[in-house]
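Please read them beside the model.

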Amino acid sequence: MEKFVNTILITGGAGFIGSHVVRLFIKKYPNYKIVNLDKLTYAGNLNNLKDIENEKNYEFVKGDIVDESFIQSLFKKYQFDGVIHLAAESHVDRSITNPTEFIYTNIVGTVNLLNAARGLWNEDMIDKRFYHISTDEVYGSLGDEGMFVETTPYDPRSPYSASKASSDHIVRAYFHTFKLPVVISNCSNNYGSYQFPEKLLPLFIHNIKNNKPLPVYGKGENIRDWLYVEDHANAIDLIFHKGKEGETYNIGGNNEWQNIKLIKKLCELMDDKLGREPGTSENLVTYVKDRAGHDMRYAIDSSKIQQELGWEPSLEFEEGLEKTVAWYLENEDWLNNVTSGEYQKYYEQQYVKR
Ligand code: NAD
Ligand code: DAU
């Protein structure tokens, strides 16, 4: 039987960022056993991991982090050395229409994992690690100036960000109270392959391809800081192995874009890729009712991870965007698969009746 030096639990590994983290760890650490635990909600998709599903050091377990006794037995069975916790309800708009699911998964689910890790590692916490993946949205909304640093006071404003903020606090409480060896990171907006087309970039790529309206919230003035998902996965690898216990690291692209400017850039690129007349895609822009409580601006100061761990984004945004658009156009089957069934109902409720 194969002997592994570490058994690592990755939660939410069938989702967007999780699938990139699983792939990276499977390839880079053949001597680690990676257990991917995922409930396979609408956002989880095993097709995201087709290329590595038969690797010897990979195992998929379908399950819900909210199910306490299941989580306890999973930790007993696998005796994990480390946890990288990404499973979450992640879409702000869905948290506005149905907040409760966010409370269960993002808060109760995180507490179940913390309790199971604490129970398993109680006698010996040496070389163990509980890594909680969080978001820059916990810091609230910025005006024209300033950036989020690790000590920026929390000021979450959507049910999604409030649930993530709550779980961050609980993770820190387990460090201070129970000495659980935790580390947290808060990242800005990710973009890249395998992102569910409810989020801005894959949704707009899909709509442009199908000549559907591009629903811009409010005046399109909100600003986000975009990071290529593989750069986030590399940062997660570094923090998991070299981050300091009990610390928080901000991760960002140093790449702020006002939504409407980003959308216009995407439209130009899509015209070019699809061989359409310049301006064709931009004609699809449709201003719609703003998101309730829409945060105006996020910007991450990631100097701590850059200086302490030597991480930096590897790609220029132009290159990342081009690669991303090319991926969605080349992977039409993936996009068609995830936009059938349940997605149609979501789209109708979110946009057609808006
Ligand atoms: P995603 O929605 O694409 O994936 C979430 C995954 O979690 C899915 O595979 C889903 O099936 C799984 N999941 C949901 N509920 C579960 C449950 N109860 N039990 C087990 N599995 C469950 O999300 P993402 O964009 O990949 O985000 C991953 C993590 O990174 C989240 O914690 C999110 O808050 C954080 N984050 C995301 C971004 C971003 O831009 N997407 C930025 C910063 C931080
Ligand atoms: O900042 C990190 C966060 O980024 C993550 O924690 C979240 O999980 C992730 O979903 C993302 O949140 P946002 O709300 O910033 O991402 P979204 O893609 O939903 O929206 C990006 C911006 O585009 C935001 O200002 C809202 C706007 N938007 C979005 C959609 C889906 C539109 O104008 N129209 C749309 O249809």
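Which residue is the bridge partner of Asn-189 in β9?

1. The partner of Asn-189 in β9 is Trp-226. This is a predicted model, in which local features need pLDDT of at least 70, side-chain atom pairs count only at pLDDT 80 or more, and totals for chains, interfaces and linings use all residues. Residues are numbered from 1 along each chain as its sequence is written, chains are lettered from A and ligands numbered from 1 in the order in which they are written, and side-chain values use heavy atoms, without hydrogens and water.

2. β7 and β9 (residues 223-228) run parallel and are joined by 3 bridges. Strands are DSSP runs of E of at least two residues, helices runs of H or I of at least four, both numbered from the N terminus; two strands pair if DSSP finds at least two bridges between them.

3. The open sheet has 3 strands in the order β7-β9-β11, with mixed pairing. Its edge strands, β7 (189-191) and β11 (256-258), each pair on one side only.

4. Around ligand 2 there are 25 residues, and Thr-135, Asp-136, Tyr-160, Arg-291 and Tyr-351 come nearest (near: a heavy atom within 4 Å). Both α6 (200-209) and β8 (214-217) supply at least two residues of this shell.

5. A backbone N or O atom of Leu-200 lies 2.8 Å from an oxygen atom of ligand 2. For Tyr-217, a backbone N or O atom is 2.9 Å from a ligand 2 oxygen atom. Asn-259 places a polar side-chain atom 2.9 Å from an oxygen atom of ligand 2.

Key. Polar contact = N/O pair within 3.5 Å; in protein donor to acceptor, adjacent residues only side chain to side chain.
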